[in-house]
Amino acid sequence: MAEAATSSSPRVNSYHCLCSTLILATVHDLQYLPHRTEPVRDDALILPPPIDINNSNELSITSDRPAESVLLNTVLERKAVVIRREDGFEKRRLLRCGRCKLPLGFSLEGAHSTNAEKPAEPVYLLPGGLVTTGDMSKGVKPDTPSWAQSA
């Protein structure tokens, strides 16, 4: 009976920062997530709204939808960064590793809702900032992305 329950459970993928800190547990495989497209040039992955358990002692889910992703050991900056784009401006709040402070992604300022009835907005993950647990355990050392060298 226990086998039937585990075989229908989704596979959970885990991802770490380049410094080896556990950052994300998700049922999504990051290589199959959609990317932001033109006119945006950051090629960020679009992660459906995750649960952030960093700043809360209680984990409460107000939605009927089960949790698909959980962010861990991250810090969302309080101050937004304004990015100038060809089609206007974008206010981003950077999501950083809690250990090494590497920027791993961002959320869009003004996109978050305090109303529990409205769904949270997605998190945009910068390409190359995360490594799978499997690759990390094999000793694979990914190259630091060019955007991270100047961060």
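The questions and answers below go through a predicted model.

The model is predicted, with local features needing pLDDT of at least 70 and side-chain atom pairs counting only at pLDDT 80 or more, while totals for chains, interfaces and linings use all residues. Residues are numbered from 1 along each chain as its sequence is written, and side-chain values use heavy atoms, leaving out hydrogens and water.

Reader: What average pLDDT does the protein have?
Author: pLDDT is the predictor's confidence in each residue, from 0 to 100. A score of at least 70 is reached by 77% of the residues. The protein's average is 81.

Reader: How many contacts beyond four places in sequence does the model have for residues 112–119?
Author: Contact means heavy atoms within 4.5 Å. Over residues 112–119 pLDDT stays under 50. Where pLDDT is low, the predicted coordinates should not be read in detail. For residues 112–119 the number of such contacts is four.

Reader: Which strands are the edge strands of the open sheet of five strands?
Author: Strands are DSSP runs (E, at least two residues), numbered from the N terminus, and two of them pair if DSSP finds at least two bridges between them. The sheet has mixed pairing and the order 4-5-2-1-11. Pairing on one side only marks strand 4 (51–52) and strand 11 (130–132).

Reader: Which residue in strand 5 is the bridge partner of A25?
Author: Strand 2 and strand 5 (residues 69–71) run antiparallel and are joined by three bridges. In strand 5, A25 has as its partner V70.

Reader: Which residues touch the most other members of the largest nonpolar core?
Author: A nonpolar core is a set of buried Ala, Val, Leu, Ile, Met, Phe, Trp, Tyr and Cys residues joined through side-chain atoms within 4.5 Å. The largest one has 17 residues. Elements giving two or more residues to this core include strand 1 (13–17) and strand 8 (88–97). The residues asked for are I23, L24, L30, L104, L125 and L130.

Reader: Is H16 buried or exposed?
Author: H16 is found in strand 1. Buried means under 20% relative accessible area and exposed over 50%, with partly exposed in between (1.4 Å probe, protein chains only). Because its relative accessibility is 9%, H16 counts as buried.

Reader: Which residue's side chain does a polar contact of 2.8 Å join to that of H16?
Author: A polar contact is a pair of N or O atoms within 3.5 Å; within protein, one must be able to donate a hydrogen and the other to accept it, and residues adjacent in sequence count only if both atoms are side-chain atoms. The partner of H16 is T133.

Technical notes:
Helix = DSSP H or I, 4+ residues; strand = E, 2+ residues; numbered from the N terminus.
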